[in-house]
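Student: Can we go through this model together? I would like to keep to the geometry.

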Amino acid sequence: MELPRGKSLWGDALFFRVESEREEAELLRNQLDERPYAATGTGEEGDLTFLRPGEWVFAPFKEALIAAVTRWDQIGIKTRWYDWRADKSAAPSYDDFVRDHAARQERFDNNRMTVFEALDHVTYTPDTFTGYWLIENLPKGMSMLDWYGPRYRHCIKRDAKLIEAKCIMQEATFDHWRYAPRKGLKLLDARRGEWR
């Protein structure tokens, strides 16, 4: 799905196509202050091609960048709350999680967990982890694990409004893809000095 060149997209994101390194350097310089988040195509083959080499999207915040690059709304990616505790057919079940959490408490109390295990243990408790936000209708039948990668941690903010949850999931997409790049796409954050 082609993006409109130089026209404002959702969240004031902009799409550009450049023909030379000089044009690219000027574009980066001009967008730095107003739109510090950027994505460009690398030409590397992957399961999805969002941008080609020389194509750039700039946005003032991460959510707008991901919404534009992935064509989130155009392809119909949906966000919804999954109530794990209420799903009696879930495997593993919520009850299994509660039992496992109680069993892990001894390891936590005796300092026999890694920092990341301990962080998960105190974050995902039976009171806080009753469900989580999902994204569905991903391209090519992808699962959330395919989309985010193995380091994804569920968003368990059950009181979030739908638009807030959507933005959280888009921001998580940016963060995961920046550190574990999706083939064919490079994400940059000017606030971290990642632009040349």
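**Working through the model**

Student: What kind of model is this, and how are residues numbered?

Tutor: This is a predicted model, in which local features need pLDDT of at least 70, side-chain atom pairs count only at pLDDT 80 or more, and totals for chains, interfaces and linings use all residues. Residues are numbered from 1 along each chain as its sequence is written, and side-chain values use heavy atoms, with hydrogens and water left out.

Student: Start with β3. Is that strand buried or exposed?

Tutor: Strand β3 covers residues 55-59, and five of the five are buried, so the strand is largely enclosed by the rest of the structure. Buried means under 20% relative accessible area, exposed means over 50%, and partly exposed is in between (1.4 Å probe, protein chains only). Strands here are DSSP runs of E with at least two residues, helices are runs of H or I with at least four, and both are numbered from the N terminus.

Student: Which residues of β3 sit on which side?

Tutor: Glu55, Val57 and Ala59 are on one side, with Trp56 and Phe58 on the other, and all are buried.

Student: Which strands pair with β3, and in what sense?

Tutor: Strand β1 (residues 14-17) pairs with β3 in the antiparallel sense over four bridges. Strand β2 (residues 37-41) also pairs with β3 in the antiparallel sense, over four bridges. Pairing requires that DSSP finds at least two bridges between two strands. As for individual bridges, Arg17 has Glu55 as its partner in β3, and Ala38 has Phe58.

Student: Changing topic: where is Tyr82, and what does its side chain do?

Tutor: Tyr82 is in strand β4 (residues 78-82). Its side chain makes a polar contact with the side chain of Asp87 at 2.6 Å. A polar contact is a pair of N or O atoms within 3.5 Å; within protein, one must be able to donate a hydrogen and the other to accept it, and residues adjacent in sequence count only if both atoms are side-chain atoms.

Student: Is Tyr82 buried or exposed, and which residues is it in contact with?

Tutor: Tyr82 is buried, at 13% relative accessible area. Leaving aside neighbours within four places in sequence, Tyr82 is in contact (heavy atoms within 4.5 Å) with Asp87, Ala90, Gly131, Tyr132 and Leu134.

Student: What about Thr130?

Tutor: Thr130 lies in the loop between α5 (115-123) and β5 (132-136). Thr130 counts as buried because its relative accessibility is 2%. The side chains of Thr130 and Arg158 make a polar contact at 2.8 Å. Not counting residues up to four places away in sequence, Thr130 touches several residues, including Trp81, Trp84 and Tyr94.

Student: Which residues have a positive phi without being glycine?

Tutor: Asn111 does, with a phi of about 60°, and so does Lys140, with a phi near 55°. Asn111 lies in the loop between α4 and α5 and counts as exposed at 71% relative accessibility. Lys140 lies in the loop between β5 and α6 (144-148) and is exposed as well, at 67%.
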